[in-house]
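Visitor: I have a structure open and would like to go through it. Can you take me round?
Guide: Go ahead and ask.

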Amino acid sequence: MTPHVPDLDGLRLLVLVARLGSIGAAARAQGTTQQAASERVRTMEAVTGLGLVRRGPRGSELTDAGVVVVERAAHLLSVADELEAVIDGLRDDHDRDLSVWASMTIAETLIPRWLVQLRHRQLTEGVTPTTVSLTASNSTRVIDAVRDGRADLGFVEGGGTPSGVRHTAVAEDELVLVVAPGTPLSRRRTPLTAAQVSELALVQREQGSGTRDVLESALAAHGLAPGPAVAELTTATAVRATVLAGGSAAFLSRRVVARDLDLGHLVEVPTALRLQRAFRAVWAGARQPPAGPVRNLVGIARTSAE
């Protein structure tokens, strides 16, 4: 607006005064008090340098200048209403198209259930279900996608807190060392020391994986690093399948191998390492997740990840 043009809410109030015949009736129609409406009229008169409303014992009426302002304001208000409708439509379209990136472990074990719960909640509330595109990658790439705007929301795993994005913990997890039954390590009863773990030939996730980051950080606390990997694989499913087939040992999320451990398909090898980690939702922008499906999905993740 130029310096002498009142704001849109003020112009809407002036139109109501002309239509309803009093500032009090116009105030009630706008859901405000007569005192606040009178103050807004005085502000508009100060901005325009014109007397806009003539007050009398039987109500209020527009001055000649006020009539001209209202006549010209009608078109401006109509255009503003059209623009608001367009913006609301664009926001609705955006809310129905959500790009989610997640680290492999979360994408394989948790995200499908979260998305089903999001759709159920939206249908229950009478909201058009959001169309969600899911990209599974490692934690480093997920954070990059959130930073550069390719992802509206990300979920990552790791021992530290991500930088350059907003984040909140949604679940806890633990890495366990697993092997196939019948292998020498499967008969181990005393925990492996950090030094012994560093000497193992492991099936590993690729660089940038949250799983690998947690293991490397735990060993680094003892001044150690993992030995050369037997293989580097890009998904937790591939690592699990390799171990099940009788390959080398691997560190995997307890969530990924819980059923295999219960059925005896895999054996947990005790270690002295502390390998707890957090699953985190990450997004860009404000301190809180954006309202709408992003915030709903983060809330679902917090309450259903256990």
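**Contacts, fold and one glutamate**

Guide: This is a predicted model. Among contacts between residues at least 6 apart in sequence, 73% join residues at least 24 apart.

Visitor: OK. How many helices and strands are there in the protein?
Guide: The protein has twelve helices and eleven strands. It is more spread out than a compact globule, because its radius of gyration is 31 Å, well over the 19 Å that the globule rule gives for 306 residues.

Visitor: What box do the C-alpha atoms fill?
Guide: Along the principal axes, the C-alpha atoms fill roughly 100 × 40 × 25 Å.

Visitor: And what share of the residues is buried?
Guide: Buried residues account for 42% of the 306. The accessible surface of the protein is about 15800 Å², and carbon and sulfur atoms contribute 52% of that.

Visitor: Switching to charge. How many positive and negative side chains?
Guide: There are 33 positive and 33 negative side chains, with the centres of the two sets 4 Å apart.

Visitor: Now Glu206. Where is it?
Guide: Glu206 sits in the loop between strand E7 (203-205) and helix H9 (210-220).

Visitor: Is Glu206 buried or exposed?
Guide: Glu206 counts as buried, because its relative accessibility is 11% and the cut-off for buried is under 20%.

Visitor: Which residues is Glu206 in contact with, leaving aside neighbours within four places in sequence?
Guide: Glu206 is in contact with Asn138, Arg141, Arg212, Glu232, Leu233 and Thr234.

Definitions and conventions: Residues numbered from 1 in each chain as written. Predicted model: local features only at pLDDT ≥ 70, side-chain atom pairs only at ≥ 80, totals over all residues. Heavy atoms only, no water. Helix = DSSP H or I, 4+ residues; strand = E, 2+ residues; numbered from the N terminus. Rg over C-alpha atoms; globule rule 2.2 N^0.38 Å. Buried < 20%, exposed > 50% of the residue type's maximum accessible area, 1.4 Å probe, protein only. Contact = heavy atoms within 4.5 Å. Areas by Shrake-Rupley, 256 points an atom, 1.4 Å probe, with all protein chains shown as cover. Lys, Arg positive; Asp, Glu negative; His and termini not counted. Charge placed at Lys NZ, Arg CZ, Asp CG, Glu CD.
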